[in-house]
Amino acid sequence: VHVVESGGDLVQPGGSLRLSCAASGTIYNIIAMGWYRQAPGKQRELVAMRTRGGNTNYGDNVEGRFTISRVNAENTTYLQMNNLEPEDTAVYYCNARGYDTNWKTYDAWGQGTLVIVSS
């Protein structure tokens with residue numbers, strides 16, 4: 001199972017950005033799909049996660065500003081980021097978990113996409 005992110009860019013404080021993530025390969029299902037981020041010198045942290053059933057979970061620092069959405073039929077997820085702050089600068093990673101067609105669990109990560117919030 002492979003995961004590919006896109007959409008990272010340089011944006012000014014207060015601006016918006018939309019990240020996309022697509023999963024492909026021997027996927028039977030995706031139980032949860034979402035986003036983490038890692039800023040320089042910091043640990044990777046949860047940004048937002050959405051389950052197949054529609055339950056969502058957001059990191060403390062982004063709730064109210066970021067929105068995760070998912071298209072189950074297309075194995076894709078999106079992260080709409082509004083009112084961006086310099087503290088949101090990080091590499092954003094997409095993660096997908098579920099079962100593959102051999103009925104084995106997978107936990108797939110993308111290579112990351114860089115978001116820089118700066119004037």
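# Briefing: strands, core and salt bridges

L10 counts as exposed, at 56% relative accessibility (exposed is over 50%, buried under 20% and partly exposed in between, with a 1.4 Å probe and protein chains only). This is a predicted model, in which local features need pLDDT of at least 70 and side-chain atom pairs count only at pLDDT 80 or more, whereas totals for chains, interfaces and linings use all residues. Residues are numbered from 1 along each chain as its sequence is written, and side-chain values use heavy atoms, with hydrogens and water left out.

- L10 sits in strand β2, residues 10–11 (strands are DSSP runs of E with at least two residues, numbered from the N terminus).
- Together with L114 and I116, L10 forms a nonpolar patch on the surface, and the three have about 270 Å² of accessible area together (Shrake-Rupley, 1.4 Å probe, with only the protein chains shown as cover; patch residues have over 30% relative accessible area and no salt bridge, and nonpolar side chains are joined within 5 Å).
- Strands β2 and β11 run parallel and are joined by two bridges (strands pair if DSSP finds at least two bridges between them); here V11 stands opposite V117.
- Strand β11 is also joined to β9, in the antiparallel sense, by three bridges, and A90 stands opposite V115 in β11.

- Strand β9 covers residues 90–100, and β9 pairs with β10 over five antiparallel bridges.
- In this pairing, Y99 has T105 of β10 as its bridge partner.
- Strand β10 spans residues 105–109 and has two faces: Y106 and A108 are on the covered one, and T105, D107 and W109 are on the uncovered one.
- Four residues lie between the two strands of the hairpin, and W103 takes a positive phi near 60 degrees there.
- W103 is in the loop between β9 and β10 and counts as exposed, at 52% relative accessibility.

- N75 belongs to the loop between β7 and β8, and its phi is near 55 degrees, a positive value in a residue other than glycine.
- N75 is partly exposed, with 23% relative accessible area.
- As background, most residues other than glycine have a negative phi.

**The nonpolar core**

- How many residues does the largest nonpolar core have? The core has 28 residues, and those with the most contacts inside it are L19, W35, V47, F66, L79, M81 and Y92 (a core is a set of buried Ala, Val, Leu, Ile, Met, Phe, Trp, Tyr and Cys residues joined through side-chain atoms within 4.5 Å).
- Two or more residues come from each of β3 (17–24), β4 (27–38), β5 (45–51), β7 (66–71), β8 (76–81), β9, β10 and β11 (113–117).

**The salt bridges**

- The count comes to four salt bridges (a side-chain nitrogen of Lys or Arg within 4 Å of a carboxyl oxygen of Asp or Glu).
- R37 and E45 meet through their side chains in one of these, at 2.7 Å from N to O; R37 is buried, with a relative accessible area of 5%, whereas E45 is partly exposed at 32%.
- R65 lies in the loop between β6 and β7 and is buried, with 10% relative accessibility.
- A salt bridge joins R65 to E85, whose closest N and O atoms are 3.9 Å apart. E85 is in the loop between β8 and β9, while R65 is in the loop between β6 (56–58) and β7, so this pair ties together parts that are 20 residues apart in sequence.
- E85 is partly exposed, at 31% relative accessibility.
- R65 forms a salt bridge with D88 as well, and there the closest N and O atoms are 2.7 Å apart. This pair links distant parts of the chain, 23 residues apart, with D88 in the loop between β8 and β9.
- Are D88 and R65 buried or exposed? D88 is buried, and so is R65.
- R37, E45, R65, E85 and D88 are linked in a network of salt bridges.

Notes
Patch = residues over 30% accessible without salt bridge, like charges linked within 9 Å, V, L, I, M, F, W, Y side chains within 5 Å.
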